[in-house]
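Me: I am new to this structure. Please walk me through how to read it, one feature at a time.

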Amino acid sequence: MEPSVTRRKFVQAMGVGAGSAAGLAPLAAQASDGPKEAVKIVAVACSPRPGKTTAQALGICLEAAKAVDPQRIETELIDLAEMEIPAYLAAGIPLKPGDQDDFPDVAEKLSDRNVMAIVVGSPVYFRSPTALCKAFIDRCFALRRGRFALSDKVGGAVAVGGARNGGQELTLQVIQSAMMCQEMIIVGDGRPTAHAGASVWNIGNDDISGDEIGVATLKNLGRRVAEVALKREPSDA
Ligand SMILES: Cc1cc2nc3c(=O)[nH]c(=O)nc-3n(C[C@H](O)[C@H](O)[C@H](O)COP(=O)(O)O)c2cc1C
């Protein structure tokens with residue numbers, strides 16, 4: 001028995017076909033000695049306020065992710081604040097006259113084969129993610145249905161609250177639970193903080209820089225997301 005059995009080897013050993021292991025790249029791709037493909041890490045900011053503390057927090061997280069391998073890692077921040085993401089479309093209700101839907105562009109970016117990791121950040125609203133975050137999560141149902149387009153992508157979560165213990169942990173859990181429904185690979189903030197993700201405090205005046213512990217969780221999450229993303233190979237799931 002080999003001391004370490006990777007998921008890929010396990011799937012092979014079990015004789016499971018490509019259909020069940022849709023998120024895994026062909027072995028030939030892994031064995032290739034050619035130049036390695038870019039690893040994209042996308043963060044989605046779910047505050048209704050553009051560029052505020054949630055977007056800032058995700059910026060810190062992405063910077064730490066990029067630092068893991070600046071040559072190979074590409075990052076992008078998608079700020080949902082100025083987009084229209086109607087939640088009712090997830091339930092099959094047609095777009096109402098006069099409404100706009102910006103979700104398809106976001107969905108296309110997230111399902112790109114080179115996107116290996118997605119970090120979702122939300123402000124804490126009444127100890128939960130924002131309505132915008134929930135609308136985004138619900139709309140991602142379309143990526144799950146039939147094809148599990150986010151399967152095996154690495155998932156991280158960020159929560160920013162106006163209080164130190166204002167409901168960040170519950171907010172992180174809601175985001176991560178949705179990621180599990182997408183067959184994503186959830187990671188928390190890496191060591192030494194090593195807990196459930198980035199838990200950040202907007203100390204006042206929309207400033208998170210003074211929250212040293214929160215900033216540490218952001219950096220450790222970014223690093224951890226990148227480390228695990230780099231272990232993945234692009235796939236056309
Ligand atoms: C409607 C509403 C509800 C909020 N509820 C909470 C809460 O339950 N706990 C908390 O810590 N902060 C709460 N806050 C504060 C926000 O989470 C905090 O200001 C956050 O930094 C906002 O993120 P943004 O700067 O990205 O918009 C609430 C803010 C609003 C507007």
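Reply: Start with the elements. Helices (H or I, at least four residues) and strands (E, at least two) are DSSP runs, numbered from the N terminus. This is a predicted model: local features need pLDDT of at least 70, side-chain atom pairs count only at pLDDT 80 or more, and totals for chains, interfaces and linings use all residues. Residues are numbered from 1 along each chain as its sequence is written.

Me: How many helices and strands does the protein have?
Reply: The protein has 8 helices and 6 strands. Along the sequence they follow the pattern α-α-β-α-β-α-β-α-α-β-α-β-β-α.

Me: What makes a residue buried or exposed?
Reply: Count neighbours. A residue is buried if 20 or more other C-beta atoms lie within 10 Å of its own, exposed if 12 or fewer, and partly exposed in between; C-beta atoms are placed from the backbone. Here, buried residues make up 40% of the 237 residues.

Me: Why is β3 called largely enclosed?
Reply: 9 of the 9 residues of β3 are buried, so the rest of the structure largely encloses this strand.

Me: Which strands run parallel to β3?
Reply: Look for pairing, which takes at least two DSSP bridges between two strands. β1 and β3 pair in the parallel sense over 6 bridges. Val-42 has Ile-118 in β3 as its bridge partner. β3 also runs parallel to strand β4 (residues 154-161), joined by 7 bridges. Gly-121 stands opposite Val-158 in β4.

Me: Which residues have the most contacts inside the largest nonpolar core?
Reply: In soluble globular proteins, nonpolar side chains tend to be buried together. A nonpolar core is a set of buried Ala, Val, Leu, Ile, Met, Phe, Trp, Tyr and Cys residues joined through C-beta atoms within 7 Å. The largest one has 57 residues, and Ile-41, Cys-61, Phe-136, Val-158 and Val-225 have the most contacts inside it. Helix α3 (residues 53-68) gives the largest share of this core, 8 residues.

Me: Why is helix α5 described as largely enclosed?
Reply: 7 of the 9 residues of α5 (residues 131-139) are buried, so the rest of the structure largely encloses this helix. Phe-136 is among the buried ones, as are Lys-134 and Arg-139. Their cover includes β1 (39-45), α4 (103-110), β3 (115-123), α6 (141-144) and α7 (168-181).

Me: Which residues come nearest to the ligand?
Reply: A residue is near a molecule or strand if its C-beta atom, placed from the backbone, lies within 6 Å of it. Of the 18 residues around the ligand, Lys-52, Pro-123, Gly-161, Gly-162 and Gly-166 come nearest. α3 and β4 each supply at least two residues of the shell.

Me: Which backbone angles stand out?
Reply: Most residues other than glycine have a negative phi, and most peptide bonds are trans. The bond from Arg-191 to Pro-192 is cis, with omega near 5°. Asp-152 has a positive phi, near 70°. Asp-206 has one of about 50°.

Me: Where is Asp-206 found?
Reply: Asp-206 is in the loop between β6 and α8. It counts as partly exposed because it has 13 C-beta neighbours inside 10 Å.

Key: Contact = placed C-beta atoms within 7 Å.
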